[in-house]
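Please read them alongside the sequence and the coordinates.

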Amino acid sequence: MENGEMEPHVLIFPFPAQGHVNSMLKLAELLTLSGLRITFLNILRIHQKLTLHTDIQSRFSRFPNFQFQTITDGLDNRLIDKFSDLIDSLKSITMPLLKQMLLSGEFGPTPTCIILDGLFNFIVDVDAHPNIPVFSFRTISACSFSAYSFVPKLIEDGQLPIKGEEDMDRIISGMGGMENVLRCRDLPSFCRLEDPFDPGLQHGVTQTIQSFKSRALIFNTFNDLEGPILSSLRSRCSNIYAIGPLHAHLKTRLSGEISPASSVSSNGLWEVDRSCLAWLDDHPPKSVIYVSFGSVVVIGDDQFREFWHGLVNSGKRFLWVMRPNSLAGKDGVPADLKEKTNERGYIVDWAPQEEVLAHKAIGAFLTHSGWNSTLESIVAGVPMICWPQFADQQTNSRYVSDVWKIGLDMKDVCNRETVTKMVNDVMENRKNELMGSVIEMAESAITSVEEGGSSYCDLERMINDIRLLCK
Ligand code: UDX
């Protein structure tokens, strides 16, 4: 380093939720491997769970230029009912504390760049640190980010909010880069709120508008998947890096090659039950459907039973992730369904998802269309049945089914007949067609993160730009 130059030091701060911490830790590991100094700032209670259930301390201890730091979310382990309580606390307690920590040099050498989770953008003014440029990392797809960004215009045009009596299949117009793709039902879930001043809708909009104000936008996606949307977004934001799929990108940089079955370390907040891999070993290729609704979705007893009967009636075997407390009011599978479940399926609290999807026995993924799960399914070449629940998931599932044609969308429907039909369609009737397109997309994903690929080059450009900030 030349005289007077600062050492590049990136502070990475994810929103305290599984899907966010998972992908931002992968980003952190990629940047650490490139030789940058990294501080990974985590909400204390999340860090405690991570260290309890994973080997991250020892995984990262091999990097002398990497440190974990923690900060409170201000809730003192209080259970909260509403998402807005967490937001209020992060806004009033965590963010002022972060500023204080930056000023008092608690992170060692002052960070030269902050990579802030885009979800924080609505609680922190991105200009709040005039001397430290802020890059905004979005854990959602470019298509759902783009949909979020059009919400103010759609309100102005009178197309939003969606009213009670609305035809949910009405095609939405006036969305550059995604013309005639989305119907009302495919817009982010907060658009279903009838009041344009509802805080939920306002949050969704503000976080996106703020993202455009940051120095750069980082997406966990790749050009062959979301090229037209990225181009359209690039005309509205001068600097966008598309560096995903991050889990595949990390694997190539760690090993020099991607082997679908190579084991991956967990960044999970729950203890991984690896026994399901041995269960899968006993099943023929492409015969099992994997079911997981991610880290936040909670389903009701009625919905559980519709899925359960739909799966059992399809005649296929299933591996189902049922997080503790993810079945409302119930502790695990209802007693009357236990015996049949043991015959036809296998249930775990938390699975090694990337490894499960790469297992030869898996033929399809019934998913809530969270963005990490979608990317993991694409890279593993597994077609999806989408049952989106909130936020970005509604838009992701539309793209999976109607644009990329790598799955089917059962949004807003939850009955056993549909589940059975979709399972049979994905695993038999339309298997070749869906498999063909998802495998093609998997190959593009892998090419994008290999040397010379679009995501590889964007990551190199980003690392270089971060270094240049110190000159
Ligand atoms: C939500 C959003 O829907 C998502 O789009 C956004 O990016 C983050 O917030 P979440 O419900 O957590 O995400 O879903 P998803 O993005 O799919 O992330 C879940 C992660 O947990 C995946 O990386 C998945 O591999 C992992 N997982 C899930 C496991 O490791 N084991 C499991 O059993 C289930």
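1. Ile38 is buried, since 25 other C-beta atoms lie within 10 Å (buried means 20 or more other C-beta atoms within 10 Å of the residue's own, with C-beta atoms placed from the backbone). This residue belongs to strand β2, residues 37-43, where strands are DSSP runs of E with at least two residues and helices are runs of H or I with at least four, both numbered from the N terminus.

2. Leaving aside neighbours within four places in sequence, Ile38 is in contact with Val10, Ile12, Ala28, Leu31, Thr32, Asn65 and Phe66, contact being C-beta atoms, placed from the backbone, within 7 Å. By comparison, Arg305 is 267 residues away along the chain, and its C-alpha atom is separated from that of Ile38 by 46 Å.

3. This is a predicted model, in which local features need pLDDT of at least 70 and side-chain atom pairs count only at pLDDT 80 or more, while totals for chains, interfaces and linings use all residues. Residues are numbered from 1 along each chain as its sequence is written.

4. An open sheet is formed by 6 strands in the order β10-β9-β8-β11-β12-β13, with parallel pairing; two strands pair if DSSP finds at least two bridges between them. At the edges are β10 (345-348) and β13 (407-409), each of which pairs on one side only.

5. Strand β9 (residues 317-321) runs parallel to β10 and is joined to it by 4 bridges, and Trp320 stands opposite Ile347 in β10.

Definitions and conventions. A residue is buried if 20 or more other C-beta atoms lie within 10 Å of its own, exposed if 12 or fewer, and partly exposed in between; C-beta atoms are placed from the backbone. Two residues are in contact if their C-beta atoms, placed from the backbone, lie within 7 Å.
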